[in-house]
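Student: I would like to go through this model with you, one question at a time.

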Amino acid sequence: MPVQTSDQKWAAQAAAGDESAFRELYRAHVRPVYWIANGILASSTDAEDVTQETFVVAWRKLPGLELQGESILPWLATICRFQAANRLRQRRRDQAHTAEVLDENVPDTVSVEEQVITAALAARIAAEVGTLNELDREIFRLCASEGYAYQAAADELGVSHAVVRNRLSRVRTQLRSAVKEVRDA
């Protein structure tokens, strides 16, 4: 009798409704599925959504799966590619709709005052971010600028989820104060 790989064992157990086996499959393959989605979509937020959608679809379809190879990743990658293609189509529809709406709402003039406020605000935020220590700056860059989830940022930086959540909360509070100063000025 041939020996089963962990994927084959977990897939069979998950197909029978074992949620802990499905969690093992998720843990083993969430990163590669995410990177496939991110490579197609070029958006970490959309890639996170598509990754989750991939595993939701996989959970629904597992009972009918007959795993041909040793790894379930090729099957997950196929689901991921379909989900990403759907997301791209939705994005194109949304952009087409938004472009139509924007054409109707584009102002005829640009406010010089608004440009000055925006420039002052950007300068103040950049200055405030410059005062942060290196870890806080990296947490802000990953979560606020690049859209990383707290756990993904924590994994990247080698700290806990709580550290990322708490430090980002403090940074946001600090930046809100800086923004308020510019708007009140």
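**Burial, salt bridges and a pocket**

Student: As what does Asp155 count at 40% relative accessibility?

Tutor: This is a predicted model, where local features need pLDDT of at least 70, side-chain atom pairs count only at pLDDT 80 or more, and totals for chains, interfaces and linings use all residues. Residues are numbered from 1 along each chain as its sequence is written, and side-chain values use heavy atoms, leaving out hydrogens and water. Buried means under 20% relative accessible area, exposed over 50%, and partly exposed in between (1.4 Å probe, protein chains only). The 40% of Asp155 falls in between, so Asp155 counts as partly exposed.

Student: With which side chain does Asp155 meet in a salt bridge?

Tutor: A salt bridge needs a side-chain nitrogen of Lys or Arg within 4 Å of a carboxyl oxygen of Asp or Glu. For Asp155, the N to O distance is 3.0 Å, and the pair links helix α7 with helix α2, 124 residues apart. The partner is exposed, at 51% relative accessible area, and its name is Arg31.

Student: How many helices are there in the protein?

Tutor: Helices are DSSP runs of H or I with at least four residues, strands are runs of E with at least two, and both are numbered from the N terminus. The pattern along the sequence is α-α-α-α-α-α-α-α. With zero strands, the number of helices is eight.

Student: Which residues are linked with Arg87 in a network of salt bridges?

Tutor: Arg87 meets Asp46 at 3.2 Å, N to O, and this pair joins helix α4 (residues 73-105) to helix α3 across 41 residues. Arg87 also bridges to Asp49, with the closest N and O atoms 3.3 Å apart, again between α4 and α3, here 38 residues apart. The network then takes in Arg87 together with Asp46, Asp49, Glu53 and Arg91.

Student: Why does Arg87 count as buried?

Tutor: Asp46 is buried as well, whereas Asp49 is partly exposed at 35%. Arg87 counts as buried because its relative accessibility is 18%.

Student: Which residues is Thr51 in contact with, leaving aside its neighbours within four places in sequence?

Tutor: Thr51 lies in helix α3 and is buried, with a relative accessible area of 2%. Contact means heavy atoms within 4.5 Å. On that basis Thr51 touches Val30, Val33, Tyr34 and Ala37.

Student: Which element gives the most to the lining of the largest pocket?

Tutor: A pocket, on a 1 Å grid over the protein atoms alone, is an open set of points where a 1.4 Å probe fits, with protein on both sides within 12 Å along at least five of seven lines, and lining residues have an atom within 4 Å of a point. The largest pocket has a volume of about 410 Å³, and Val30, Arg31, Tyr34, Ala152 and Asp155 are the closest to its centre among the 14 lining residues. Two or more lining residues come from each of α2 (19-41), α3 (44-61) and α7 (150-157). With five residues, the one that gives the most is α2.

Student: How many charged residues does the lining of the largest pocket have?

Tutor: Ala, Val, Leu, Ile, Met, Phe, Trp, Tyr, Cys and Pro count as nonpolar, Asp, Glu, Lys and Arg as charged, and the others, Gly among them, as polar. Seven lining residues are nonpolar and three are polar. The number of charged residues is four.

Methods:
Grid points are joined across faces, edges and corners, and a volume is the space filled by probe spheres set on the points.
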